[in-house]
Structure formats: C-alpha cells, structure tokens
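This report goes through the model shown below, from overall shape to single residues. Please keep the sequence and the coordinates at hand while reading.

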Amino acid sequence: MTHAAYVLTGWGVVAGSVALFTWRTLRRGRTLSRLVPEERRRWG
Amino acid sequence: MTTIAPAGTGSRATLVLGWLSLAGVAALAALGLWWSPADVVQGDSVRLMYVHVPSAILMYAGCSLCALGSLMWLRKRTDGWDTLAQASAELATLFAALTLVTGMLWGRPTWGAYWTWDARLTSTTLLFLLLVGYLALRSVPASADTRARRSAVLGLLLVPNAMIVHYSVDWWNTLHQDATVAKLDPTIDDLMLFTLFAGMVVGGVVFSWLLTHRFRVAWLQRQVDEVSLDRAIVERRAEADLAGHGSTR
C-alpha cells in the first residue's frame, strides 16, 4: 500500500475519536441515570 | 405491562443501531482499506476519501440539525428542541475536527502540504471555530431559558456558514477539488463510488446512534439540574420557615 502511514493514521484517528466519544457519552449516561428518578428516564 | 427504566441511555432501538454501526464499520473498513482499488494518480491515499467525505457530510448534518433545533426552540420554546440543538452541535464539532484532520492527512501526499489557506480549508476551520464557540456559549452559567435563547441565535448562523463551506469550491478558485459525486455522471470507478456511498450510509447509522445517546445524556442532565433546583428551593423554604419561627419567639 502506498501512503500507508497517512491512510492508517486517518482511519485510526476517525475510529479512535468516535470510539472515545461513544465511551464518554455512554459512561456519562450511566452516571446521570443514577441521579434521575425512574419515571423520568424511560426511552420507550 | 410495566417497563423497567434503563440504567443508561440505551434502549432496544439503540441496541439494534449499535450492532448495525459495528457491522457497518467492519464492512466499510474491508471495502475501503482492501477491496476498493487504488487511484491511478493518487495511489492508496484515495482511501482517505472514504472517511473524509462522510465526516464532512456528517458535519453538515450536525449543523443542519442544530439550526433546526434552534429555529424550532425559538418558535415552540420546548426543551426537546434545545436538547436536539445541543446534541447535534457536539456531533457536528466532532465531525468538523475529523474532516479537517483527515483532509490534512490526504492533502500531504496529494498536494505536498498538510495545510494551505485555501477557501474550502479556511471556511471549514471557521465553521469548526463557530461550533467550538457555540459549545462554549452553552457552558456559560445562565438560566435554561437564557442559555437556550443565546445558543439558538448562534445555532441559526451555522447554516449560512455550512453553505459557504460547501459552495467555496465554486465561488473561489481553490486547490480543493470540485464536487465529484454530485455530478450526474461522476468520473469515478464503480467500486470506489460504491465504497464512498457505503461510507455515507454507515456514517449516517453511526451518527443516528451517537445522536440518540447524546440527546438522552443531555436530557438526563436537564432532569438532574431540575431535581437539584427543586431540592434547593425546598431547602431554602425550610430554612426561611425555621428563621420565621425563630424570630416570632
């Protein structure tokens, strides 16, 4: 593969950033849901 | 039938979307990094297109949803629209940053430079800074109504800025290439075109999944703020009652 370093860095940055954002969002959701009464967090 | 409240922001719909996202990303990686051919001129650096273009489209989608949420909040004044604007602005910021980074990595082997003050690159940077400003404005301490009003005004400005980014390659003489796929007869290999569309579809699924979770997190934060406010009011009233009784003795 030509330009492998650029290609793999680009794909890695995208995958890593999205994975980090997902992990942070899910963790924050779990923390916050403990503080909210059950009747206010039903997602249907 | 009673439903059990979830311990996070997940639901059956997000579970399905989450698995679809994972499968889609795996398929896209196989297509983009292996099956699709290298470009005759650009070589394998063209594989960056399959993450760069979808990132840019998701940036536009985030900006449009933020502007929609802002407009609807100004009309309806309901929390849901402001929450949508907040969640989509955060995603738009993430994908704007990824558009810039992947564009720079693609620019180095193609143009010979990571950065040039080209109209497309400069306008995208300005849009990214506007999004960062939007998120900063949301974090300024204020009442929920004031914060929503301020952010809604700024949120509406995202659409003209996104349009400037999109049309910059037509309005100015730029190094960045013109629209390739928007043409009726795009001059691109069939498998490359298929992979690019696959990237957009997978990006759309991932975006929907992330937006749903981010919206619910913002919604939970609002509930926590309301519960804290209610508790603080009850405590102040109790203190005032106690002080009132003390002064009448």
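## Helix spans

The expected span of a helix is taken as 1.5 Å times one less than its number of residues. In this predicted model, helix H6 of chain B (residues 158–171) has 14 residues and reaches 19 Å from its first C-alpha to its last, which is close to the 20 Å expected at 1.5 Å a residue. Helix H1 of chain B, residues 12–35, can be treated in this way too: its 24 residues should span 34 Å, and a distance of 33 Å between its end C-alpha atoms agrees with that.

## Overall form of chain B

Chain B has seven helices and zero strands, so that its pattern, read along the sequence, is α-α-α-α-α-α-α. Its radius of gyration is 23 Å, whereas the globule rule gives 18 Å for 249 residues; the value is well over that figure, and chain B is therefore more spread out than a compact globule. The C-alpha trace spans about 90 × 45 × 30 Å along its principal axes.

Of the 249 residues of chain B, 39% count as buried. Among the contacts in chain B with a separation of 6 or more, 79% are accounted for by residues 24 or more positions apart.

## The side of chain B that touches chain A

In the pairing of the two chains, 35 residues of chain B are in contact with 30 residues of chain A. Helix H2 (49–76), helix H3 (79–111) and H7 of chain B each supply at least two residues of the touching side of chain B, and the largest share, 11 residues, comes from H7(B). By residue class, this side of chain B divides into 19 nonpolar, 11 polar and five charged residues.

An α-helix has 3.6 residues a turn, so residues three or four places apart point the same way. In H1(B), the buried residues are Thr14(B), Leu17(B), Ser21(B), Leu28(B), Leu31(B) and Gly32(B). Leu20(B), which is also found in helix H1 of chain B, counts as partly exposed because it has 15 C-beta neighbours inside 10 Å. From Leu20(B) to Ala240(B) the C-alpha distance is 55 Å, at a sequence separation of 220 residues.

Asp225(B) is placed in helix H7 of chain B, residues 190–248, and is exposed, because 11 other C-beta atoms lie within 10 Å.

## Positive phi values

Most residues other than glycine have a negative phi. His3(A), however, has a phi near 55°, a positive value in a residue other than glycine; His3(A) lies in the segment before helix H1 (4–33) of chain A, and is buried, with 22 other C-beta atoms within 10 Å.

Arg77(B) likewise has a positive phi, of about 60°, although it is not a glycine. Arg77(B) is found in the loop between H2 and H3 of chain B, and is partly exposed, with 13 other C-beta atoms within 10 Å.

How values were computed: Residues are numbered from 1 along each chain as its sequence is written. Chains are lettered from A and ligands numbered from 1 in the order in which they are written. This is a predicted model: local features need pLDDT of at least 70, side-chain atom pairs count only at pLDDT 80 or more; totals for chains, interfaces and linings use all residues. Helices (H or I, at least four residues) and strands (E, at least two) are DSSP runs, numbered from the N terminus. A residue is buried if 20 or more other C-beta atoms lie within 10 Å of its own, exposed if 12 or fewer, and partly exposed in between; C-beta atoms are placed from the backbone. Two residues are in contact if their C-beta atoms, placed from the backbone, lie within 7 Å. Ala, Val, Leu, Ile, Met, Phe, Trp, Tyr, Cys and Pro count as nonpolar, Asp, Glu, Lys and Arg as charged, and the others, Gly among them, as polar. The radius of gyration is taken over C-alpha atoms; the globule rule is 2.2 Å times the number of residues to the power 0.38.
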